[in-house]
Amino acid sequence: MNTSTVPAPRQRVLSGMQPSGSSLHLGNYLGALVHWVRMQDEYDAIYFIPDLHAITVPQDPAELASRTRVTAAQYIASGVDVEKCTLFVQSQVPEHAQLAWVLNCLTGFGEASRMTQFKDKSLKQGADSTTVGLFTYPILQAADILLYQPEGVPVGEDQRQHVELSRDLAQRFNTRFGPVFVVPKPFIQKESAKIYDLQNPTAKMSKSAGSPSGLINLMDEPKVTAKRIKSAVTDDGAEIRFDRGEKPGISNLLTIYSLLTGKNVDDVVGHFEGRMYGHLKVELADVVVDHLEPIRTRALELLADQAELDRLLNVGAEKARSIASVTLADVFAKVGFLPAHTHDSAGAP
């Protein structure tokens, strides 16, 4: 037998985005989704919707369910292929919460207190409004990662600390109880250009922005998208050039144009040489609408058949559980928990 034809196993990567709004925005799309679509061809890719994390702040239950489906539809509409990757909703895989409890019991109180996002959010909310869930969510995030034994976790630089906690907990568990976990590496997405708020181009585009008019949402009507681009804040002077310090507004628009057309920024600047800011905005509005409208249309089609969307997510959850349950069984055995004997050997709910 010629063994050279057997392909080498692909490295596993894992990533997710919270269902924290009624739409993903252009920063989510260009900063994460386009990379996910590329990575599903190169890696054993696992993508999920972290709805357990969403309830660290108060949620309307019906809205959370709707947002979870809308987020899933946008993943798929943007090119995440359920045949090429594993796509699932976090709460449908109970092993996440079960592993998180074990890791909670390995995490020092001071260690958890030093997580920067907790410090930032608890300062804003006050001690009485800050839940224990918000305090321990980085440990749940570590469980999300370690359950699937990924070699890498694609994240932005601002999430590096959370991957470091996952590495520390994996090494601590392996040292104390014996080898179970792959120690994951952060795959920092250096090539991701940041997308900034259209009304405040010194701040990253975010759902928590002061004004919705600074956002380009994937699910917005095309005329809304075009209007927001044409109303984007620009800079002093009239020259179209890339300069983040002096011209943050124009530089942001040039970045978006470049990423959506595949042209480098210098070529885009050359294209608009001698022309006015208004020309850039009008052309960019067309570029963005042309790119996003098929995604929006496909997402709406998926949402129109809720039963089929839920079926796809259930298939993904079963694939995820087939991996997660093996890891958790190993963890439980190492910790000293008695094995559960069930009639269903597959471990399905």
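**Exercise 1. Cysteines**

Classify C85: is the residue buried or exposed? Then find how many disulfides the model has.

Solution. 
1. Apply the accessibility classes: buried is under 20% relative accessible area, exposed is over 50%, and partly exposed is in between, with a 1.4 Å probe and protein chains only.
2. C85 has a relative accessibility of 3%, so this residue counts as buried.
3. C105 has a relative accessible area of 52% and is therefore exposed.
4. With a disulfide taken as a pair of cysteine sulfur atoms within 2.5 Å, the count is 0.

The structure is a predicted model, in which local features need pLDDT of at least 70, side-chain atom pairs count only at pLDDT 80 or more, and totals for chains, interfaces and linings use all residues. Residues are numbered from 1 along each chain as its sequence is written, and side-chain values use heavy atoms, with hydrogens and water left out.

**Exercise 2. Aromatic pairs**

State how many aromatic pairs there are, and work out why the pair F173 and F177 is classed as it is.

Solution. 
1. Rings of Phe, Tyr and Trp (its six-membered ring) pair if their centres lie within 6.5 Å; planes under 30 degrees apart are stacked, over 60 edge-to-face, and the rest tilted.
2. This rule gives 9 aromatic pairs.
3. For F173 and F177 the ring centres are 4.8 Å apart and the planes stand at 40 degrees, so the pair is tilted.
4. Helices (H or I, at least four residues) and strands (E, at least two) are DSSP runs, numbered from the N terminus. Helix 8 (residues 160–177) holds both F173 and F177, which are 4 residues apart, about one turn of the helix.
5. F173 is buried at 0% relative accessible area, whereas F177 is partly exposed at 27%.
6. Another aromatic pair, Y257 and F272, is edge-to-face, at 5.5 Å centre to centre and 90 degrees between the planes.
7. Because Y257 is in helix 10 (residues 248–261) and F272 is in the loop between helix 11 (265–271) and helix 12 (277–304), this pair ties together parts 15 residues apart in sequence.
8. Y257 is buried at 4%, and F272 is buried at 0%.
9. Ring pairs also join W36, Y47 and Y75 into a cluster.

**Exercise 3. Salt bridges**

Solution. 
1. Side chains of opposite charge can pair when their charged atoms come close. A salt bridge here is a side-chain nitrogen of Lys or Arg within 4 Å of a carboxyl oxygen of Asp or Glu.
2. In the salt bridge between D310 and R69, the closest N and O atoms are 2.8 Å apart.
3. D310 is partly exposed at 23%, and R69 is partly exposed at 24%.
4. E95 and R321 form a salt bridge at 2.9 Å, N to O. E95 is in helix 4 (residues 95–104) and R321 in helix 13, so parts 226 residues apart in sequence are tied together.
5. Both E95 and R321 are buried.
6. D330 and K334 form a salt bridge at 3.1 Å, N to O. The two residues are 4 residues apart in helix 13, about one helical turn.
7. D330 is partly exposed at 28%, and K334 is partly exposed at 30%.
8. Salt bridges with shared partners join E221, E293 and R296 into one network.

**Exercise 4. Nonpolar cores**

Identify which residues have the most contacts inside the largest nonpolar core.

Solution. 
1. A nonpolar core is a set of buried Ala, Val, Leu, Ile, Met, Phe, Trp, Tyr and Cys residues joined through side-chain atoms within 4.5 Å.
2. The largest such core has 59 residues, and L26, W36, Y75, I216 and I256 have the most contacts inside it.
3. Helix 12 gives the largest share of this core, 11 residues.
4. Contact means heavy atoms within 4.5 Å. Leaving aside neighbours within four places in sequence, I256 is in contact with L26, I195, L198, I216, L284 and V288.
5. Apart from this core lies another, of 36 residues, including V93, V155, I323 and V331.
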